[in-house]
Structures are given as C-alpha cells and as structure tokens.
Amino acid sequence: MDKKEFEEVWKWVLYAGDKILSIYQTDFLVKDKGGNDPVTEADLLANDILYEQISKNFPTHGFLSEERKDDSERLDKEWVWILDPIDGTREFVKKNGQFALSLGLVKNGKPYWGVIFNPATGEFFSKNEFSFFAKLSAPFLSSANIRLIEAKFSNTEHIEPDFETSNNKPKLFVSLSEMKEGLFSEDTWKENFEVIPLGSIAYKLGLLSAGMGDLIISLKPKNEWDICGGISLLSSKSFRFFPLKNEDSYSFNNKDTRSYGLVAGTKNAVDYLLNKIPVESLTSKVRDKW
C-alpha cells in the first residue's frame, strides 16, 4: 500500500460521504434487521460503493462489512478491509450528527490504516505515520477537499495528544445508550471525569485520535467493523487501547468478530483511569450483550 493508493481510497470515501449526506437530508426509510438494529438505504449504498471499488482495485484483499454477508475467504488473506458504512445508524436516524463511516485496513490481523468520516459535520480523520484531522465542506468529492487532505497527510509537524492530570479532569467519551442505561451513573465517574455521552464508537475514536477527548470507555460488546478504522488511527506511542475481556490487545479479521468492553485513551489518561478504577472493577461491569 502506498500514498497513491490511499488517495484513491479517500476519494471513494468522500464519494460515499456525499451519497450518505444526500440521503441524510431526506425523509429516508428505515428497516429493522431484527433486535432493534436499524438499517437505511444510506448504509447499503455506502457499503456497495466501497465494496465495488475495493474488490475491483484490490482483488487479492479480503473484505468484512456489517452490511455484507460474511464468508470464510477473508480469514486466509494477508490484507483485509473492515467496513461499517454507517456506525451509529440510530443516531443517523435521529439526525443528531453523531455517526460516521468507518473503514480500516489490517495486515495479518494488525491494524494498519484507517479513515473515519462524519458527513454530517465534515469531520475527516485518517493517518500517515500519525493520525490527522481535516474539516471538509460539502460536496466532499472536490479538488479543494482532496488538496486539504493531502496537505494534512504530508504535514511532518505533529504533536501527539496527551493529558495533563494536574488541574483537569479527563474528557471521557461514553455511549449515549450506555449512559441512559445508568452504566456511568456512579459518583466516581462524575467526580473524576468530564463525562461526555456521544453516539458512534467510530466517531468517538476519531475525535480521540485528533486530541478532542482524552479517554473512551465502552462496557458493551463491539464488532470489528465498529472499531477497526478508529483503532487503526491510534499510535501505540501515545495511546493505550484494549478490550476489557478475553484479550490483551486487539487483533482483527477473526472468525468471531466480537470483543467485550473497550478502553482507549492517551497513556496518561488511561493511567489516571486505572488509578481511580482498577481494571478488574471495570471488567466486572462489562456486559455480554448489546
């Protein structure tokens, strides 16, 4: 994979973003896949756009998507693309702007590259050696936006996010639904963290990668397509990220795509968290079901 290939992928993502936004601005139909799991024409169209381009341009690569029937062929592939065309479909339906397209690329199961894009806000997160952020304007597939992304990609001046514990509480992103269910209602959370509920784990991971928050905790299961793109943006130099049950670190392109509980943040923020709440206590709070 080289810069030219990634530039092409960005163009496909921007095109998909334009299509998502055009549907978002209408009275679109919503279907239920079962278990209160909504899907819209925007999910399906974005999935088709990216699958078509990736399968045509990278025919030896595997592909995993929430909106495409899975098969075992990907398990033997060195390179695998992992897509959630809209992470946070419930938020998309509510039109609250808290959703994102998430696309990750893994090599032998290890996160290699990713892009998170929120068409409602124009927030675009991707990476070269380090992650970068750009604020784009619609229509997204434009020469001006592509130049802006390329400039961000080529910028060698980079300050990795960090959290200073002396006078501040870390900004902690949590799930809207988990907050409503009372999973963060204990006084410990309010006393030690600035708790910010947001939809879409992919969107939260993008914000974290750009230094717009310090910490993410989720106590419910995640699928690989929910988190692969965002985890790929977090450098091991400045961030710590791990599931709370079953694994010590993230590996992708597994037969079982689920993981349980998530912690991600700058190293100082994660250290602060584990000083306040031991990992065993966090793990005991993890739910096995959505």
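User: Where is the place of Asn108?
Analyst: This is a predicted model, in which local features need pLDDT of at least 70 and side-chain atom pairs count only at pLDDT 80 or more, while totals for chains, interfaces and linings use all residues. Residues are numbered from 1 along each chain as its sequence is written, and side-chain values use heavy atoms, with hydrogens and water left out. Helices (H or I, at least four residues) and strands (E, at least two) are DSSP runs, numbered from the N terminus. Asn108 is in the loop between β5 (100-107) and β6 (110-118).

User: Is Asn108 buried or exposed?
Analyst: The phi of Asn108 is positive, near 50°, although the residue is not glycine. Buried means under 20% relative accessible area, exposed over 50%, and partly exposed in between (1.4 Å probe, protein chains only). The relative accessibility of Asn108 is 55%, so the residue counts as exposed.

User: Is Asn253 buried or exposed?
Analyst: Asn253 lies in the loop between β12 (239-245) and β13 (258-266). Its phi is positive, about 65°, and Asn253 is not a glycine. Because its relative accessible area is 11%, Asn253 is buried.

User: How many aromatic pairs does a search of the whole structure find?
Analyst: Rings of Phe, Tyr and Trp (its six-membered ring) pair if their centres lie within 6.5 Å; planes under 30 degrees apart count as stacked, over 60 as edge-to-face and the rest as tilted. The number of aromatic pairs found in the whole structure is 22.

User: Why are Trp12 and Phe58 given the class that they have?
Analyst: A pair of rings is described by two values, the distance of the centres and the angle of the planes. For Trp12 and Phe58 the centres are 6.2 Å apart and the planes stand at 65°, so the pair is edge-to-face.

User: How many residues apart are Trp12 and Phe58 in the chain?
Analyst: Trp12 belongs to helix α1 (residues 3-24), and Phe58 to the loop between α2 (41-57) and β3 (62-65). The pair thus joins distant parts of the chain, with a separation of 46 residues.

User: Is Phe58 buried or exposed?
Analyst: Trp12 has 9% relative accessibility and therefore counts as buried. The relative accessible area of Phe58 is 7%, so Phe58 is buried.

User: Which class does the pair of Tyr24 and Phe92 have?
Analyst: The ring centres of Tyr24 and Phe92 are 5.1 Å apart, and their planes are at 45°, so the pair is tilted. It links distant parts of the chain, since Tyr24 is in helix α1 and Phe92 in helix α3 (residues 89-94), 68 residues apart. Tyr24 and Phe92 are both buried. The class of this pair, given the 45° between planes, is therefore tilted.

User: What is the volume of the largest pocket?
Analyst: On a 1 Å grid over the protein atoms alone, a pocket is an open set of points where a 1.4 Å probe fits, with protein on both sides within 12 Å along at least five of seven lines; lining residues have an atom within 4 Å of a point. Grid points are joined across faces, edges and corners, and a volume is the space filled by probe spheres set on the points. The largest pocket has a volume of about 790 Å³.

User: Which element gives the most to the lining of the largest pocket?
Analyst: This pocket is lined by 36 residues, and those closest to its centre are Asp87, Gly88, Arg90, Ser177 and Trp290. Elements that give two or more residues include β4 (79-87), α3 and β11 (215-223). With 7 residues, the element that gives the most is β11.

User: How many charged residues are in the lining of the largest pocket?
Analyst: Ala, Val, Leu, Ile, Met, Phe, Trp, Tyr, Cys and Pro count as nonpolar, Asp, Glu, Lys and Arg as charged, and the others, Gly among them, as polar. The lining has 11 nonpolar and 11 polar residues, and its number of charged residues is 14.

User: In β4, which residue is the bridge partner of Phe63?
Analyst: Two strands pair if DSSP finds at least two bridges between them. β3 and β4 pair in the parallel sense over 4 bridges. The partner of Phe63 in β4 is Trp81.
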